[in-house]
Amino acid sequence: MMKWSESLHPKDEDGVSTPTIKNHSVTHHAGHLYCFGGYDGRRNHQTLLVYSLKEKRWLSSSNTNGRTPEYVVRGVPPPGRNGHTATLAVKRRRRRRTTTTTDENGIGEEGWMERQLRGMHVGGDGQEEKVLGISLSMSMDSINSSSGEHNLMSYDSSDGNHVASQTSDRLSMPHSNPNDTLSQNDSTHTHNHHPQPQTTQTQLEEEEEEEEDAQIIIIGGWLGSGPLAASDTWILDLSSGLPHLRWHRPAPLGTPPGPCNMHSADYIPPRNEVYVFRGGNGREYLNDLHAFHAERHEWRAVAAAGKAPQPRANHSSAVLESGERCELFIFGGWNGSERLNDVFVFDVETSTWSEPRVGGVKPHPRAGMTLTALRGRLFLFGGSGTSSKCFDDLQILDRKEMAWLDVNDERDGGVYNTHQKLITYGNSRLDHHHDGLDWYSWGGASDGESLGGQDGMTEGERNDTVNGSNRENNTRGINHNHDITKFSDWRSQESHRHPHNQHLGFSSSACTSANPNDEDMVHSVFVTGNPPGKRAGHTATAVGRFIYVFGGSCGTDYLSDFFVLDTDPPPVVKITEPACPQLYARRLTHFSNNEEFADVIFIVEGKRVYGHKLVLSMVSDCFRAMFMTGFRESGSGCTEIEIPDTNYDIFLAMMEYIYTGRAPKIDVFSSDSVLGMERAIALLELSDQFFLYHLKQICEELLQPAVNVDTFSFLMSIAQKTNASQLELYCRYFERNMNEFME
């Protein structure tokens with residue numbers, strides 16, 4: 001089971017509010033969501049916004065009201081845009097750190113810094129490697145002892161420029177931004193000029209620590225002017241944390257892909273590359289594949305074999321890794337004439353495209369949706385279809401099964417299938433199925449996206465959007481018949497009447513045939529909670545087991561809401577099983593006149609009626625006293641008790657009442673009313689004999705309508721004989737008011 005919820009994000013006290021945008025980007029790193037770009041219906045956005053998942057609010061970058069900025073962004077930011085991609089590239093590495101302890105005349109810090117800069121960082125495979133392919137040098141004279149910061153000068157081998165960066169306790173990423181370039185006079189020091197430490201006693205301690213190179217790579221998008229989309233590449237360096245965010249525009253090597261908009265970009269960890277499926281360039285739709293190396297900042301065209309996807313834009317993509325396998329999935333999009341719902345897979349290892357057979361029910365053709373990879377599954381949400389249909393459905397592609405799962409959510413007391421099929425399950429509930437994965441959705445758009453407009457969409461796609469219905473009237477029903485059935489024991493009856501697992505988590509996505517060869521059997525996933533509304537152009541960002549959905553639009557309505565999908569919510573520990581008294585009442589029915597566990601046999605009119613002393617003793621003091629006296633034992637070890645002057649059917653009716661609690665069906669106004677009254681009176685006398693007071697009151701209620709001019713005297717005597725006080729009172733009442741009844 002999965003659960004939707006809406007994440008509230010009130011306005012920050014410093015005035016930070018949620019943007020209303022679509023075609024933006026949201027990237028997660030270290031507990032924060034980085035939102036960049038997007039279109040609000042009037043202009044493209046340029047400001048970088050940061051959202052704290054822990055505090056559930058937008059952080060402030062200003063120092064108003066005397067507060068310290070919660071994040072600082074340096075460098076020249078990219079121009080405002082939408083329809084771009086923002087991809088997180090993270091590389092972790094182990095480095096050896098050597099500390100030096102000296103006497104008061106030593107220069108221990110110099111020894112450590114020199115070793116850090118002159119030595120190479122050790123990678124995870126034990127081989128020495130340069131940080132981002134860049135050699136480092138530094139003069140110990142550049143140590144600023146007053147500020148405690150080390151002005152490290154690095155050399156960028158990609159363009160030959162010396163660049164500087166600030167760090168306090170670690171080495172920061174180098175930048176090729178010309179605004180950060182040092183003058184020639186500032187770059188003349190090398191490690192050959194380090195002063196030698198004056199130490200008399202030195203103790204070296206070595207330890208390994210892990211550092212992280214994290215960056216968000218911005219590629220392309222629509223700038224709002226010109227015939228073509230953007231072809232630039234920007235990097236937001238996250239390595240030094242929120243106080244030291246920095247934009248820079250690298251000078252890439254190789255051949256860039258050129259203008260691209262409404263494309264897709266995914267990080268491939270084994271190769272440390274971002275794979276870009278081109279999309280459109282503002283004039284045409286493309287399907288070429290390119291790779292950008294996150295360290296070397298080098299572009300290359302990816303040579304691919306197999307059947308490639310047809311050219312398209314406004315599609316979605318995601319990467320799934322399993323062991324040594326790394327696959328890039330492409331779904332849907334707009335090819336200039338129609339929306340698509342196909343699935344293509346690119347095997348990174350073999351560099352081969354394929355179009356796999358995918359089981360289950362395909363999602364409707366669409367564009368502008370999100371595809372989020374999480375725990376071996378791809379989560380598709382929203383998008384825009386034909387006739388201006390914006391979708392609010394959640395679809396899940398399971399890689400192991402290579403099938404679209406049967407996703408159902410509870411709406412209006414029933415189960416709503418996201419393939420536009422309403423499924424009913426009688427009075428049963430969906431409490432027992434549990435499947436876990438979560439995700440967040442943020443914003444979106446419902447209309448077609450243009451490659452040439454302000455929001456980056458094609459005119460053909462936009463012209464395809466006219467008002468229409470977003471639901472199909474396909475329904476599928478499941479009926480449960482609860483027929484009365486005789487079972488061999490109470491366990492079989494219990495399993496039939498109260499099944500524990502009515503839903504086994506499988507569903508037929510094709511038809512109701514029982515032949516497995518005629519249909520795809522896929523897992524079912526049940527989703528609860530408050531889902532996001534219809535949208536496209538939103539973002540869906542995976543964080544742990546959650547997916548955050550933000551923004552987007554539906555037609556002309558631009559959104560700023562924030563939803564969270566918990567794909568693996570904690571199980572709710574609750575009491576659902578019946579208590580023991582409920583079990584007694586439920587299961588006792590099976591033992592009515594049943595020889596199983598019977599320890600007493602009543603002989604009535606020569607016929608046997610089986611009973612259980614414990615049961616009978618609990619409801620009747622008469623039975624209890626009877627069992628405490630001596631009775632002869634039968635050959636089976638059961639006590640046999642003869643009940644004289646008693647009708648067998650009436651005694652059996654009394655025993656069934658004891659075991660089931662159901663009132664006997666006696667109609668004193670039937671065609672043979674005399675027989676009906678006689679049965680009611682006989683049962684009243686028997687209930688009085690065995691001290692069954694509730695049954696006695698039932699009989700009084702049955703006989704009360706039978707009181708009339710001809711019967712009141714007789715029934716009063718019966719009431720007095722059986723101590724039926726309520727029946728006697730009514731008979732006396734009738735006698736007092738007889739004249740009124742006779743009129």
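This is a predicted model: local features need pLDDT of at least 70, side-chain atom pairs count only at pLDDT 80 or more; totals for chains, interfaces and linings use all residues.
User: How many disulfides does a search of the whole structure find?
Analyst: A disulfide is a covalent bond between the sulfur atoms of two cysteines. Two cysteine sulfurs must lie within 2.5 Å to count. The closest cysteine sulfur to that of C554 belongs to C390, and at 3.4 Å it is too far for a bond. Across the whole structure, the number of disulfides found is 0.

User: Which loop holds E605?
Analyst: E605 is not a glycine, yet its phi is positive, about 50°. E605 is exposed, at 53% relative accessibility. Its loop lies between β41 (600-604) and β42 (607-611).

User: Where is K56, another residue with a positive phi?
Analyst: K56 is not a glycine either, and its phi is about 55°. Its place is in the loop between β4 (49-52) and β5 (57-58).

User: How many residues apart are W4 and F381?
Analyst: The structure holds 24 aromatic pairs. One of them is W4 with F381, tilted, with 5.5 Å centre to centre and 55° between the planes. W4 sits in strand β1 and F381 in strand β28, so this pair links distant parts of the chain, and their separation is 377 residues.

User: Are W4 and F381 buried or exposed?
Analyst: The cut-off for buried is under 20%. W4 has a relative accessible area of 4%. F381 has 0%. Both values fall under the cut-off, so W4 and F381 are buried.

User: Why is the pair of W58 and F550 edge-to-face?
Analyst: A pair of aromatic rings is described by the distance of the centres and the angle of the planes. The centres of W58 and F550 are 6.0 Å apart. Edge-to-face needs planes over 60 degrees apart. This pair qualifies because its planes stand at 65°.

User: Which residues form one aromatic cluster with W58 and F550?
Analyst: W58 is buried at 1%, and F550 is buried at 0%. Their cluster also takes in Y51, Y548 and F562.

User: Which ring lies under the charged end of R366?
Analyst: K607 has its charged end over the ring of Y648, 4.7 Å from the centre. For R366, the distance to the ring centre is 4.0 Å, and the ring belongs to F391.

Key: Residues are numbered from 1 along each chain as its sequence is written. Side-chain values use heavy atoms; hydrogens and water are left out. Helices (H or I, at least four residues) and strands (E, at least two) are DSSP runs, numbered from the N terminus. Buried means under 20% relative accessible area, exposed over 50%, partly exposed in between (1.4 Å probe, protein chains only). Rings of Phe, Tyr and Trp (its six-membered ring) pair if their centres lie within 6.5 Å; planes under 30 degrees apart count as stacked, over 60 as edge-to-face and the rest as tilted. A charge sits over a ring if NZ of Lys or CZ of Arg is within 6 Å of the ring centre and within 35 degrees of the ring normal.
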